[in-house]
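Hi,

Here is the structure I said I would pass on to you.

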Amino acid sequence: MTELTLVWVALPFLLAFTTYLVPALTRSGAIGMAVLTVAYAVQHGGLPGTTAVPLELRLLDHFGVTLRVDANVAPMLLAHGLVTLVVALYLDRQFVGNRFVAMQLLIVHGSANAVVISADLISVYVALEVLSVGVFLLLTYGRRAAHQPMVGERQLWVGLRYLFMSNVAMLFYLMGTVLVYVRTGSFAMSSLATAPPTALALLVIGLLAKGAIFVPGLWLPLTYISADPVIVAVLSGFTTKAGAMALVRCSETSGVLAQWLPYLSAGSAVFGIAFALVSTTPQRLLAWSSVSQMGFVIAAPQWAGLYGLAHGLAKPLLFIGTAVTHRWRWPMLMLGAASLAGLPGGVGYAAKALSLAALAPWHEWLLTGVTVGTTCVVVRVLLAPPPQATMKITHQVGWPDKAALVIWGGGLLWGWLPAAYSSASLFKALASLSLGILLGWCWERVPQKRWRLDERLEAVIGGLSVVLVLMLVLFGGVNHVALP
């Protein structure tokens, strides 16, 4: 199993470069890698309700470089495989010159896999940096089809804005990693138990920005709106969640971080849904909703992987569904909306119910209220008019589109977990759905004033700096000695 894991980690990068040299492997390489990741995730307990023995590999002796695959990250690996598989099915028809996209898709797939299974700080840093470069190249990729525009100045600027923000965030993260190594002599995440407050604050601010959590996630809405819907499916499906999963793994070994994680979760959930409710376009509604959902992903660390799987399958369906006009538009939107709102019967409900049941009462009721807002948002997305002449995806529906819907929809509907179906959880879900649908229907009929938060680069970096100062104050004020 050790050799198989190492081959699985390295294979996406080897395939990426091989794909560029051998164009015949463009589509088959991406599909084959996605299928391999799905099989690997299933073997390690990725399917809801299954378990497997955790796997841990120590690679560099005392430096603490370690890989760990357990039941929490396996569902997220399943999301990586399913999203990559579906997006790969689109490549031949939706993109011309897709060899470049396939190469970057394999690179971000491999680096996202590496982030979620890394149990040491330096491996997470390297994998996140590679992921950032791949995402930047995908964001600035211009379609080559005759009816679609080449990359414009706005798209290029948004990509550079993402890369600059990412570099600043990872610089903070690297400084925190160095401080931890100086204190403990190890890169292992277990060293965070004795990390100085400054190091912990620097590490956390880097992962908050990469995971689009709370105010450091201010970069996300404009980035998602400006990118191609198929590229956004990759971003919302798994790349953005890589930072959140790394933050969750750090909280497992740091008592200080575990103590503040619920407040970061609540802040992101409320911050995102508040701006989603005052947004006016479907893409902006979904983008701000993603910031809110990142708060749910980190709310209950033991269910982070399952929630990431549910959100990773639902949100791409909604982003692509709002961009097409063919007859598969409504199945895409209805499946994604039902899962995101937590309709009983799907994996979205199971993830939400189990996560909420694991929280403190104040946190549970706050996120239940946010769930009402989430339902309101998806209702407004469903009621929004379809795109007109500016749509970015063709009318034609081929077998890859149908296969994509079956894979995504099947994944969303396969979520039967008996523990999630308690009477209390069902009552909260049905009550929040009813209230959210009524609120969304009324909200859409009220004249709304267009209002947006400042999302320029200065505001993104400024928000990052303010939250860094807040983290330094909060972590510095905790008595580390008293914590277990």
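Below is what turned up when I went through it, one topic at a time.

Before anything else, keep in mind that this is a predicted model.

Let's start with helix H9, which runs over residues 229-239. How many of its eleven residues are buried? The count is eleven of eleven, so the helix is mostly covered, with buried meaning under 20% relative accessible area. Among the buried residues you'll find Pro229, Val230, Ile231, Gly237 and Phe238. Ser236 and Thr239 are on that list as well. Have a look at the start of H9 too: there, Asp228 has a side-chain oxygen that comes to within 2.9 Å of the backbone nitrogen of Val230.

Next up is helix H4, which covers residues 99-117 and contains Ser111. Ser111 has a relative accessibility of 1%, so it counts as buried. What does Ser111 touch, once neighbours within four places in sequence are left aside? Its contacts are Phe13, Ala127, Val130 and Leu131. Asn113 sits in helix H4 as well. If you skip residues up to four places away in sequence, Asn113 is in contact with Trp8, Thr37, Leu77 and His80.

Now for the cysteines. A disulfide is a covalent bond between the sulfur atoms of two cysteines. How many disulfides does the model have? The count is zero. Take Cys376: the nearest cysteine sulfur belongs to Cys442 and is 9.1 Å away, so Cys376 is in no disulfide, as the two sulfur atoms would have to be within 2.5 Å.

Last, go to the surface. Leu6, Leu59, Leu60 and Phe63 make up a nonpolar patch there, and together they have about 330 Å² of accessible area. Where is Phe63? You'll find Phe63 in the loop that joins strand E1 (55-58) to strand E2 (66-69). With a relative accessible area of 30%, Phe63 is partly exposed.

Cheers

Note on methods
Residues are numbered from 1 along each chain as its sequence is written. This is a predicted model: local features need pLDDT of at least 70, side-chain atom pairs count only at pLDDT 80 or more; totals for chains, interfaces and linings use all residues. Side-chain values use heavy atoms; hydrogens and water are left out. Patches are made of residues with over 30% relative accessible area and no salt bridge: like charges are joined within 9 Å, nonpolar side chains (Val, Leu, Ile, Met, Phe, Trp, Tyr) within 5 Å. Accessible areas come from the Shrake-Rupley method with a 1.4 Å probe; for residues, only the protein chains shown count as cover. A salt bridge is a side-chain nitrogen of Lys or Arg within 4 Å of a carboxyl oxygen of Asp or Glu. Helices (H or I, at least four residues) and strands (E, at least two) are DSSP runs, numbered from the N terminus. Buried means under 20% relative accessible area, exposed over 50%, partly exposed in between (1.4 Å probe, protein chains only). Contact means heavy atoms within 4.5 Å. A polar contact is a pair of N or O atoms within 3.5 Å; within protein, one must be able to donate a hydrogen and the other to accept it, and residues adjacent in sequence count only if both atoms are side-chain atoms.
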